[in-house]
Amino acid sequence: MRTELCRDEREFGRLAEEWAALYRRCGTATPFQTHAWLHSWWLSYGTPGRLRLVLVRDGGELVAAAPLMLVRQPWPALVPLGGSISDFGDVLIEDGERGERAAQALADGLAAAARTALIDFREVRPGGAVERVYARWRGPRRQVPDSLCLELPAVPMDDLIGRLATSKAQQRVRAKLRKLTSLGVERRAVRPEEVDAALRRLLELHRLQWQGRKVTTEHLQDRFAEHLIRSVGPMVRAGDAVVTEFRLDGAVVAVDLTLLSERLAGGYLYGAHPRLRERKADVATMLLHACAQHTGAGGDGGTGGGRRVLSLLRGNEPYKHHWRPQPVVNRRLLLARRRTAPLLSAAVCDVAVRSGGKKLLDRFLDRKRRGGGGP
């Protein structure tokens, strides 16, 4: 096993083919670890000179990779590429016996690359490949909770409806599906050559649907649009994403982007025209029904190939709980060398302070809702 540290973004671009081959051999990988997503993210969000790719080769074959960048604030740290617009952070390590040796080599390579920096893996999905590095780490290490995700089983829509709490709730959802049919809402998966135009429509509709309301401001930025359009086309061609258009009276009224991996399908972003709600169409039900087709259990031409999870990705929004999902908490894995142990302690303290502050705020808001007032 030979470990390399790559800092050249042009070399990162040239890794596409062998990165894709490794991605297919890593069963725990999510779409946020594809080369198309990460390289595009770097072009939009990366800081020149800060790229740190730790690569492990067996002979000439890439068997493990950690896509990282160096940050300076609030302390020196190596953090995953993908940033806050990626729901899961991880490394790639091929499955099987050779992967066990690759995991140890990657751990050693990360220790050498870190030098005076903390290694801070955010948003690691339980079972992620970086857990194999964590298990082999020879220095100080800690893991703490990160974001909450909600997941549904990869089952047909009828079974998802059957999970609802009451028969009345089930009847309401079936009525909503009948309403979509009676309105004549049609959906189709966009062909690869149409993806760029469809994504521009998605972003236009997304801006329109959130007009005058609180929205994730990054989704409105030019750099996000450039990243999405640059990355998703190759992902669709590789089977790592699907873009779906919904038409009503011949016009596109909604566009959805669902990301796909071996184990999960997850609705990432959508845009919907307000006219849909004016016509009493339930957009959330429409999107979930479409996403379920890509778990391999959709029952009407799904393309999932046996995915086990329909992920609602990060966020604890009330409408998601209607479907009685399983809560799954991402992990934050902190790795240090002996000399950087104080940075690890500082990071753990920072997490504790932020968590405590959030609990106090939630308690205050709960009291305010109940009419109690006061800090």
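1. **What covers helix 3.** In this predicted model, the cover over the buried residues of helix 3 includes helix 1 (9-14), helix 2 (16-24), strand 2 (51-58), strand 3, helix 9 (222-238) and strand 11 (264-272). Helix 3 itself spans residues 35-45. Nine of its eleven residues are buried, so the helix is mostly covered. The buried ones are His35, Trp37, Leu38, His39, Ser40, Trp41, Trp42, Ser44 and Tyr45. Find these on the structure before moving on.

2. **The chain as a whole.** How many helices and strands does the protein chain have? The secondary structure comes to 13 helices and 13 strands. A compact globule of 375 residues would have a radius of gyration near 21 Å, and the protein chain has 22 Å, so the two agree. Along the principal axes, the C-alpha atoms fill a box of roughly 65 × 55 × 40 Å. Buried residues make up 50% of the 375.

3. **Contacts across the sequence.** Take the contacts between residues at least 6 apart in sequence. Of these, 73% join residues at least 24 apart.

4. **Gln143.** This residue is found in strand 7 (residues 141-153). Gln143 counts as partly exposed because its relative accessibility is 36%. Its C-alpha atom is 6.0 Å from that of Leu334, although 191 residues separate them along the chain. Which residues does Gln143 contact, leaving aside neighbours within four places in sequence? They are Tyr134, Arg331, Arg332 and Leu333.

5. **Asp8.** Look in the loop between strand 1 (2-6) and helix 1 for Asp8. With a relative accessible area of 30%, Asp8 is partly exposed. Pro48 is 40 residues away along the chain, and the C-alpha atoms of Asp8 and Pro48 are separated by 9.2 Å. Setting aside neighbours within four places in sequence, Asp8 is in contact with Arg14 and Leu51.

6. **The nonpolar cores.** The largest nonpolar core holds 89 residues. Which of them touch the most other members? Leu106, Leu110, Phe121, Leu228, Val243 and Tyr268 do. A second, separate core has 30 residues, including Leu150, Leu177, Phe246 and Leu288.

7. **Val243 in detail.** Val243 belongs to the largest core. Not counting residues up to four places away in sequence, Val243 touches Arg188, Ala189, Val190, Val195, Ala198, Leu199, Val232, Val236, Val255, Asp256 and Leu257. Val232 and Val236 are among these partners.

8. **Backbone exceptions.** Most residues other than glycine have a negative phi, and most peptide bonds are trans. The peptide bond from Gln73 to Pro74 is cis, with omega near -5 degrees. Pro74 lies in the loop between strand 3 (61-71) and strand 4 (77-80). Glu123 has a positive phi, near 55 degrees. Lys280 has a positive phi too, near 65 degrees.

9. Glu123 lies in strand 6 (residues 118-124). Lys280 is found in the loop between helix 10 (274-278) and helix 11 (283-292). Is Glu123 buried or exposed? Its relative accessibility is 7%, so Glu123 counts as buried. Lys280 is exposed because its relative accessible area is 66%.

10. **Surface and charge.** The accessible surface of the protein chain comes to about 17,700 Å². Carbon and sulfur atoms account for 50% of that surface. The chain carries 62 positive and 42 negative charges. How far apart are their mean positions? The answer is 7 Å.

Notes
Residues are numbered from 1 along each chain as its sequence is written. This is a predicted model: local features need pLDDT of at least 70, side-chain atom pairs count only at pLDDT 80 or more; totals for chains, interfaces and linings use all residues. Side-chain values use heavy atoms; hydrogens and water are left out. Helices (H or I, at least four residues) and strands (E, at least two) are DSSP runs, numbered from the N terminus. The radius of gyration is taken over C-alpha atoms; the globule rule is 2.2 Å times the number of residues to the power 0.38. Buried means under 20% relative accessible area, exposed over 50%, partly exposed in between (1.4 Å probe, protein chains only). Contact means heavy atoms within 4.5 Å. Accessible areas come from the Shrake-Rupley method with a 1.4 Å probe; for residues, only the protein chains shown count as cover. Lys and Arg count as positive and Asp and Glu as negative; His and the chain ends are not counted. The place of a charge is taken as NZ of Lys, CZ of Arg, CG of Asp or CD of Glu. A nonpolar core is a set of buried Ala, Val, Leu, Ile, Met, Phe, Trp, Tyr and Cys residues joined through side-chain atoms within 4.5 Å.
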